[in-house]
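Please keep the sequence and the structure in view while reading.

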Amino acid sequence: MAFLSVLSNEHNFLSGLSPKPTDNKKTVDKVIIFIFSDGLKTQFTNAKPVLDKYGFKGTFDVVCNNVDNKDGNMNWKEIKRLHNEGHDIGSHGMSHVRLTALSKDSVEYEVGESKKCLEDYGIKPSSFEYPFSTGSEDKKIVEIVAKYFEFATRGNDPLMFLRCDGLEQYGQKDCKTYTDNGTPTYANKYSIRNWSHDFEIVENSYSDQEALERFIEVVNSQSTYNKDGTIEAIPIVMYHDIGDTKEDSVTDVDLFEKEMKYLHDHKFKVITISDLAYDEKDDSLYIKDIESETELPVENVTAPTEVPTINATTNVTAPTEVPTINATTNVTAPTEVPTINATTNVTGPLASPERNHTLDIVKKVLGIP
């Protein structure tokens, strides 16, 4: 499992988005997307009940060869249930290997066969998640992904800008897939940036309270860009294990519950990757349709707990760990992947002895020595 992956929001009617709200409708300025990576069992057993409680839907990216075959992963019955209840199901490849280390034929198998695998179970995925967040910088890989999927996601930025113009250091003004010299752009419809919340918790040795505060900071950072119903930026938050305790997961159920409750209480609109569309004329992303009200659950919602709001927009540099790859055929050595730049690096307290246990678990999962 890899803890890498951030980001996206809405536009105006002339750009192909929802018209500006009329006077009798409330404005939606706060939108969020969840990606649940790897198709892990705890996402069904622990995260889904919380999502159901608040009426939220997520994008669940599954590794086809792990379904029904690997301990700790969901089975097809659970994935089908998610799909039937309106959750978005995306592909995370056939066997979760680094695409940049594979031959062209192996990439074709990992990407194309993973779509067919889901379609065989009645699921039509619109998005592909790059394993280990690598591949979107390689034109040959992007071309293969584009044959099968509308979108592809990877980490690691706290916000995804719908015009791909918010990361000034990359000089983008739109979401064209390639630069003038033919290389893939930093952000585009096959390189939608998400934010790996759980990785950052480990990287900075956050306590649950610090993790919650950082979550609130990131989800509210869109307010700088989204005004009067025009959505320009969206946080796309990635989760992996949602464990019963801190001993078995970076993100435990209690923290996840507090984060979902915060979003509900502050009227965030939760959408999925499949709710996005691409304007070919404008070379920008937009939201297909968005209601003015966040869907409210019917029961089990208690009064909000006072939570501090933090005003900042701090980005995090994505790690470049290279775990061991078990590829099937014609595998070449992985190319060195450059570190993803961000505006401001996030630092945090050094790991205390009592936190070392969780850190060791995650490092083991990530293949970090």
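This is a predicted model: local features need pLDDT of at least 70, side-chain atom pairs count only at pLDDT 80 or more; totals for chains, interfaces and linings use all residues.

Residues are numbered from 1 along each chain as its sequence is written, and side-chain values use heavy atoms, with hydrogens and water left out.

The protein chain has an average pLDDT (the predictor's confidence in each residue, from 0 to 100) of 81, and 72% of the residues score at least 70. Residues 1-25 have a pLDDT below 50, yet the model gives this stretch 119 contacts (heavy atoms within 4.5 Å) beyond near neighbours in sequence. Over residues 292-296 the pLDDT likewise stays under 50, and here the model has 13 contacts beyond four places in sequence.

Two helix pairs can be set side by side, where helices are DSSP runs of H or I with at least four residues, numbered from the N terminus, and where axes are lines fitted to C-alpha atoms over the stretch in contact, with angles running from 0 to 180 degrees between N-to-C directions.

| Helix pair | Angle | Axis distance |
|---|---|---|
| α3 (residues 104-119) and α4 (residues 139-148) | about 25° | 9 Å apart |
| α1 (residues 41-54) and α7 | roughly 20° | within 10 Å |

Helices α3 and α4 are therefore roughly parallel to each other, a term that covers angles under 35 degrees. Their crossing is right-handed, meaning that the near helix is turned clockwise from the far one by less than a right angle. K104, V107, E108, V111, G112 and K115 of α3 meet I141, I144, V145, K147 and Y148 of α4. These contact residues comprise six nonpolar, one polar and four charged, with Ala, Val, Leu, Ile, Met, Phe, Trp, Tyr, Cys and Pro counted as nonpolar, Asp, Glu, Lys and Arg as charged, and the others, Gly among them, as polar.

The angle between α1 and α7 makes that pair roughly parallel, and the crossing is right-handed. On α1 the contact involves N46, A47, V50, L51, K53 and Y54, and on α7 it involves V253, F256, E257, M260, K261 and H264; seven of these residues are nonpolar, two polar and three charged.

Which residues does E257 touch, leaving aside those up to four places away in sequence? E257, which lies in helix α7 (residues 253-265), touches V50, K53 and Y54. The C-alpha atoms of E257 and P49 are 9.7 Å apart in space, although 208 residues separate them in sequence.

Note on methods
Angles under 35 degrees count as roughly parallel, over 145 as roughly antiparallel, 65 to 115 as roughly perpendicular and the rest as oblique.
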